[in-house]
Amino acid sequence: MALLEIENLTVQFPTRRQTFTAVKDAHLTVEPGQIHGLVGESGAGKSTIGAAVMGLLDPPGRITGGVIRFRGEEISGLDAAAMAALRGKKISMIFQDPLTSLNPLFTVKQQLVETIQEHLGLSDAEAGARAIDLIDRVGIPNAKARANQYPHQFSGGMRQRVVIALALCSEPDVIIADEPTTALDVSIQAQILDLIKGLAREREVGVILITHDMGVIADTTDVVTVMYRGEVVESGPTARVLGQPEHPYTRSLIAAVPRPTVKLHRFPLIGYGGRVTEFKIEDLARNWPQSTAERGTPLVEADGITKRFISKRALLPSNREYFTAVDGARFEIRQGEVFGLVGESGSGKSTIARMIAGLYPVDAGAVRFEGRDVTATARGVPDWYRREIQMIFQDPYSSLNPRMRVDEIVAEPARHHGILQGLALRDRVAELLDRVGLGADAGLKYPHEFSGGQRQRISIARALATQPRFLICDEPTSALDVSIQAQILNILKDLQEHLNLTMLFISHDLPVVRQMCDRVGVMKDGKLVEVAETEALFEAPQHGYTRELLSLMPRLDGLSDEGLAVA
Amino acid sequence: MTDLPEQSVERARARSRLAMAWDSDLAHSFRRSPVAMLSAAVTLILVLSAVFAPLIAPHDPFNPATLNLMNGFTPPGEANMFTGESFLLGTDDQGRDVFSTILYGLRISLFVGFAAVGFAMVLGITLGLIAGYVGGLVETIIMRVADVQLTFPAILVAMLIFGVAKGITPPEYRNDVAIWVLIVAIGLSDWVQFARVVRGATMVEKSKEYVQAARLIGRSPAAIMLRHILPNVLSPVLVIATISLALAIIAEATLSFLGVGAPPTEPSLGTLIRIGQGFLFSGEWWILFFPACTLLVLALAVNLLGDWLRDALNPRLR
């Protein structure tokens with residue numbers, strides 16, 4: 001008998017205007033010891049399934065059809081009290097953000113003991129011993145001492161281990177893990193996934209692993225269910241679904257996944273459900289000022305730039321303490337190339353970008369653009385340099401002013417620099433919006449009327465308005481779905497190819513970097529540890545840290561390579 | 001925007017924006033809240049009757065030529081024993097029609113309230129934006145001043161300002177400037193909450209990437225604050241402004257009641273209450289009662305409107 005069965009599950013959210021069907025006729029079964037992956041893009045309904053099983057649907061959402069059975073018994077119709085008894089005891093959940101799923105005011109041990117006593121009714125001493133045993137089992141070293149610490153004294157990965165320990169307190173039969181590693185660095189992600197795998201094998205726990213990441217699916221799951229807009233489009237053993245996808249949506253999804261092992265000329269876009277939007281970057285080239293500089297000569301030079309942040313404030317400068325975010329980074333970005341910066345969170349990649357862009361004053365060292373000094377001071381950078389550089393930000397939801405119309409947003413840089421006025425500016429804005437695939441009349445709307453991928457196109461249009469020569473992309477696709485990411489990355493590739501733009505491309509995602517960059521710099525703890533040609537770096541990494549990063553990268557060997565064109 | 005099709009597009013958008021506003025969550029929540037609709041209606045009626053007071057009022061209480069002392073102390077609805085005239089809400093000691101004085105008093109109370117809140121808003125938003133965006137020493141100074149001011153009761157601050165202003169104005173101008181001094185006094189005692197809220201919201205907005213994008217372009221701090229941040233921090237300000245309006249009207253009434261506000265020649269609701277209070281124990285209750293009721297209804301309606309607005313704009317309560 002299956003541990004958990006979901007049959008014809010339909011979840012609806014009735015609102016004032018219409019009833020939104022988040023999940024429609026979904027089927028899913030989990031066997032003991034099995035990891036069942038649930039994959040799909042945002043809005044696919046995968047988290048809703050998890051919440052429905054837990055009885056934790058946000059109001060006004062409710063199950064309007066189908067049944068959920070746990071060990072053959074229907075649990076979808078249970079009342080709140082019966083569901084509360086089951087939840088956490090037999091079925092428990094691991095959330096995405098380890099910071100918000102722990103109470104900051106209690107020690108780790110207190111939180112574990114409370115949960116253990118709630119479910120198993122042990123004495124204080126027994127529960128305490130059990131808590132320490134659990135902390136040890138999820139791989140936190142020195143469990144006895146660390147148990148008495150507070151959540152903020154743990155790193156992100158350790159905190160997620162505590163959350164897993166918390167989920168294990170009641171010895172559940174089913175664990176629902178909703179994007180358990182999305183907020184974590186790749187090295188920690190691998191450890192957490194190993195931990196989940198181990199639990200499933202050793203303790204015969206059934207796991208539903210909800211994720212948007214094909215790499216996680218390929219490495220971790222036994223069975224995978226692919227969802228698209230609330231419906232299950234394909235389900236089966238992971239190797240089969242990823243290797244020989246049957247449904248066109250699965251095929252398009254797999255084709256859009258950046259490959260770590262081989263560089264492609266472009267991302268293949270197998271359209272599904274009208275999601276591919278045409279864009280025509282090459283049309284912009286006609287009016288684009290042609291650079292006379294030779295390809296390959298240095299355009300931007302960072303000469304030992306350093307940035308310190310005050311970590312302890314004090315009135316007297318001698319009493320202040322500093323944290324060095326970037327320590328003497330030295331590299332050059334050549335005319336017409338895409339230079340990548342990779343590293344884990346906190347390694348100083350974004351700080352470098354902000355120093356080059358003039359958003360942070362540089363504490364030591366210099367930045368040069370075509371040999372001219374453009375080092376950022378407290379007053380910023382020279383105006384002529386501002387016209388030459390533009391930036392595309394990570395979060396498409398906060399990088400556009402929600403109270404400004406899209407045409408005003410795109411026009412602002414050119415208007416500010418006095419490059420264009422009146423009709424000419426309006427035409428430029430309309431042309432840019434059209435060329436990035438939004439249509440010329442997109443300018444009359446407000447940002448909230450667009451999706452994440454469309455907003456990132458607006459950002460690109462804004463960045464192109466002053467016809468810059470240098471573009472800084474700070475994690476431009478890390479907030480986007482994989483099929484949208486492929487489209488945005490193709491636009492960026494076109495910008496380099498047709499407009500001869502030079503780019504600084506920052507990412508934590510190694511496969512994306514391999515697809516995008518000509519040369520790559522690797523950052524660790526504020527230091528640039530290695531700079532090399534992309535292919536050389538991926539094939540023969542020199543520095544130990546680079547090798548470690550590459551070894552943690554998901555290989556995605558089993559993925560279907562339909563539609564891929566190797567560069 | 002010279003060619004016609006473009007204009008019609010703009011006009012079509014404006015129409016649809018009106019439709020959008022009607023369909024918006026805010027309008028929907030308004031239509032579903034009887035309290036909000038009732039208090040909005042009451043506020044609207046009071047504001048309109050204040051604006052059109054010269055048209056509505058049966059008498060002009062400030063024109064001594066129309067007054068007849070014989071009409072003094074006429075009870076509401078009864079005929080005067082000497083002149084035979086009758087007044088809806090009675091008359092005061094001078095023979096002024098209470099209903100008319102209330103309409104004119106409402107005018108002054110509302111004017112002072114709106115102007116004082118407007119003044120407090122401009123001051124508070126400006127200082128809050130600067131404190132939140134610039135930070136550092138500037139922020140410390142502005143917010144410490146605000147903290148110090150909060151340790152005094154607002155009414156005390158207003159009385160202090162009022163007293164100082166009275167001391168430095170020549171006696172012959174005192175009545176003319178009294179209203180403006182009142183506005184500045186109430187406004188200055190009320191800017192702190194605007195500054196605090198705007199500073200907090202500004203600090204949140206400042207860290208968002210659209211502000212980084214504007215800085216990258218090279219926009220000046222003033223342009224970033226006004227063009228980018230200000231429109232995004234206004235919705236909490238709207239809530240505070242509504243609740244402040246009720247408080248400012250009450251503050252004005254309090255000051256006038258204490259005799260440091262609107263002069264008896266231009267009585268506000270507070271002044272009327274002060275005048276009426278003198279006759280309460282001699283039986284002429286209506287001189288006090290009706291202005292006080294009007295003040296109560298006005299303050300309550302505006303307050304309820306503010307409460308509803310706060311709940312409707314707070315996504316966490318929905």
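**Exercise 1.** Determine in which sense strand 13 and strand 19 of chain A pair, and over how many bridges.

*Solution.* Strand 13 (residues 338-342) of chain A pairs with strand 19 of chain A in the parallel sense, over four bridges. Two strands pair if DSSP finds at least two bridges between them; strands (E, at least two residues) and helices (H or I, at least four) are DSSP runs, numbered from the N terminus. Next, locate one bridge: L341(A) has G521(A) in strand 19 as its partner.

The model is predicted, so local features need pLDDT of at least 70 and side-chain atom pairs pLDDT 80 or more, while totals for chains, interfaces and linings use all residues. Residues are numbered from 1 along each chain as its sequence is written, and chains are lettered from A and ligands numbered from 1 in the order in which they are written.

**Exercise 2.** Describe how strand 19 and strand 20 of chain A are arranged.

*Solution.* First, strand 19 and strand 20 (residues 527-533) pair in the antiparallel sense over six bridges. Within this pairing, V522(A) stands opposite E530(A). Finally, the two strands form a hairpin with two residues between them, and D525(A) in the turn has a positive phi of about 45°.

**Exercise 3.** Explain why strand 19 of chain A is largely enclosed by the rest of the structure.

*Solution.* A residue is buried if 20 or more other C-beta atoms lie within 10 Å of its own, exposed if 12 or fewer, and partly exposed in between, with C-beta atoms placed from the backbone. Five of the six residues of strand 19 (residues 519-524) are buried, so the strand is largely enclosed.
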